[in-house]
Each structure stands twice: as structure tokens, then as C-alpha cells.
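Hello,

Please find the structure below, together with its sequence. My notes on it follow.

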Amino acid sequence: MFSTRIDSLRPSPIREILAVIDRPDMVSFAGGLPATEALPDWTGRISRRTLQYGPSEGEPDLRATVSERLVRLGIDAPPERVMILSGSQQGIDLVAKLFIDPKTPVAVQSPTYLAALQVFRMYGARLVDFDLLPAPDARLAYIVPTFANPTGACLPSTERDAVARACLDAKTTLFEDDPYRELAYDACDRNPIAARMAGGSWVYQGSFSKTFAPGLRLGFLAASDDLFGRLVMLKQAVDLHSSRLSQRIVFDAITDPGWDARLSDLVAFYRARRDGFDEALSRHLASVADWQAPRGGLFFWLQLRDRIDTRELLTEAIERNVAFMPGEEFYPGRPTLGTIRLNFSHAGPDAAERGLRTLAELIRAVDCRR
Ligand SMILES: Cc1ncc(COP(=O)(O)O)c(C=O)c1O
């Protein structure tokens, strides 16, 4: 009765966790949620025009503004090759549709963004390990080089060069996903790999979710000339265009003279949250786990000394009002056990303290039972 692709579709564990995080007293380290107090309080007016159908590629003024910023990063992204997306998650679906038939080799990092793995699997991709370089037969190489989800890692410049070179040599399309680049707390090379792809095929995408408001569902992509027109046709088939109201709100916000100050306040706020979280981790989990404070983004990646399957820990944790993401979910192949992704942006300091204390107790209790 249903298409074969639905067979490989599994419910996202994040969605299931998000369904319970509104419970009173729940401390959630699970989703990549911005702090609620950092979200904008919009009070603007809208014109009737905004409620009319609009262009599939997005509002021209927003595309031009995004283009300007990407060109400043060295990406060959004139306004006519910038498309506004209904969340950068949509970009993953469009690119997957463009490239993936059953068994198409797609190179991914291990571990990598769970919801990208889900989409690639749904279209039947054969996931191959990126390791340091994409496999030469991969048609598409998906990478989150800057403050990766789930590890928070930032790829050094030489490795960015090497990835671009390998993609160009093998004629593999680079798909660079970059939603966290602006949340940088310490210095590191964030220059996009797409800026090094002259003459090759590439898609670069970003998001307004982490710096502004995820509920508006808005992101953007730029792509090389050979891909852009096809991606627009695919978008037309999905939703005709992204919400014009969301685009208006985002355009007004990012062109407001106070935008840069807002962004640096946000970065300072999250830097303090990261540092506080790091200290709380040291207080509670230092004897059971190892980690490195991320230089940007929204996640800590923990490796437990005892390699327990953290998926089994989650049910108990939720019963005790703590949610986290088992790291095992982020692996394209056989997972490394004993890994945990913790979001540090959403929970306030008191909640984080409470949640991490509980998590430490649960981990120690499992260790004692073994
Ligand atoms: C690596 C990565 N890509 C894409 C997304 C999707 O973001 P959005 O659709 O909100 O732009 C996320 C969200 O957490 C992410 O971590």
C-alpha cells in the first residue's frame, strides 16, 4: 500500500523527546533549542502583500541580503543563486531528492546530524564513512564542518582544504550544512569549504533558527550553477515557497541596525552558558565521562568511561525528568557506545545543575549494576 521508502523511515527520537519536554520540571538537554529568553518578541505589522503567494526562490530583498553575507565569506553566491528555505532541514530533503536513488553512495561524517541521516536513509542512500575525506565513489558528501552536531567539533583549515580538493578531484558534490557558524565563543577557522569549490558542484546552507527563531522555519541555501535551477523546481513541488510572513520578520531583523549587537549579546549569553555548563559537568560527571568544551554551537559531546548503551539510560532519565540525546543515534553505521549529546543553551543554570546531578547518579547506578 505504501512506497518502499517508508519502510526505512523510523520516528525521530528527538521528536519523541520533544513531546515530553513541556512536562513541568523536565530538564531537557535533548534538542538543539535556543534559550527561550533569547527569542525575539515581535510586535511588527504586516501588509496584505505579505499574505499573498510569493516567489519560490524567496523574497528578493532577503535573498540579496543573504547573498551579500555569503559573498563576504568568499562563497560564489549571487542573489539569483540564493534560495530561501522553510528551515534548513528542507535543504537536506531537496538535496537528497536531487541526488539519491536507492544505493547511491553518500559520504557522511560519523557521527553526524541525525535528521540528515534519516532523510538520506529514506531515499535509500548507501551511507559511506567520510573519515577524513569523502570516498571517491560518493556522489554527495554531506558535512557540518563548523561546530558540528552532535560533536561540536570545528574542522581545521587544512582539513577544509583537503575536503574541497577531494570533492573537486572525485567530482563529488559538496553539501555543506552550516547552521551554527555564528555561535562562535572561541576563535577557530570557520571559512566555508564551499568558498574553496570553484569549478565544482556544491550546496551551502544556513539557518535563522539558531540565531533568531526556529519557529519561523526559515533557512537558506546557495548552490553552484549546475544545481540551483533543479533545486528550485524541487522546492516548487514541495511548498511553492516559504512563508512570506517569516521572511518579512527575518528580513526586518537582520537588516536592523541593532542586529550585530543582538548577535554579539547572544554569543556572550551562550558563551557564559557554555562555561557554566562546563563547570557543572566537572562537578558532577568528571569521574565518569570525558569531554572537551565546544568552541561554538549548542552541544557538549560526552564519552562515558564505561561504554554503556546510553539509549537504555534514556527511559530512566525521562522518568526522573531529565532528557538527553543518546550519542548512538548519530552514527551512520555501527555506533560507538557510551556517547551522549547534551544541549547547553536551553536549560538555565539551576536546571542544568539539577539535570546533570541526576544524570551522573543514573550513570553511576548503571556502573554499579554491571
Ligand atoms: C546540522 C543541522 N542541520 C540542519 C538543522 C535544521 O535546522 P532548521 O531546519 O531549523 O534550519 C539542524 C537543527 O538542529 C542541524 O543541527
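In what order do the 7 strands of the open sheet stand? Before the answer, please keep in mind that this is a predicted model. The order is S2-S8-S7-S6-S5-S3-S4, and the pairing is mixed. The two edges are S2 and strand S4 (126–129). Each of these has a single partner strand, so one side of each is left without a neighbour in the sheet. From one strand to the next, the twist averages 20 degrees.

Strand S7 (residues 202–207) and strand S8 (residues 219–223) run antiparallel and are joined by 5 bridges. Within this pair, Val203 has Ala223 of S8 opposite. Helix H6 packs on the sheet, where it touches S2, strand S6 (173–177), S7 and S8. The direction of H6 makes about 30 degrees with that of S2.

Next come the salt bridges. The search of the whole structure gave 20 of them. Here are some of these.

Arg81 has a relative accessible area of 12% and is buried, because buried means under 20%. Asp225, at 64%, is exposed, because the cut-off for exposed is over 50%.

Arg72 and Glu68 also meet in a salt bridge, with an N to O distance of 3.9 Å. Both sit in helix H2 (residues 60–72), and because they are 4 residues apart, about one helical turn separates them. Arg72 counts as exposed, with 64% relative accessibility. Glu68 is partly exposed, with a relative accessible area of 49%.

A further salt bridge is formed by Asp309 and Arg311, whose closest N and O atoms are 3.0 Å apart. Is Asp309 buried or exposed? Asp309 is buried, at 18% relative accessible area, whereas Arg311 is partly exposed, at 34%.

Regards

Conventions:
Residues are numbered from 1 along each chain as its sequence is written. This is a predicted model: local features need pLDDT of at least 70, side-chain atom pairs count only at pLDDT 80 or more; totals for chains, interfaces and linings use all residues. Side-chain values use heavy atoms; hydrogens and water are left out. A salt bridge is a side-chain nitrogen of Lys or Arg within 4 Å of a carboxyl oxygen of Asp or Glu. Buried means under 20% relative accessible area, exposed over 50%, partly exposed in between (1.4 Å probe, protein chains only). Two strands pair if DSSP finds at least two bridges between them. Axes are lines fitted to C-alpha atoms, for helices over the stretch in contact, and angles run from 0 to 180 degrees between N-to-C directions. Contact means heavy atoms within 4.5 Å.
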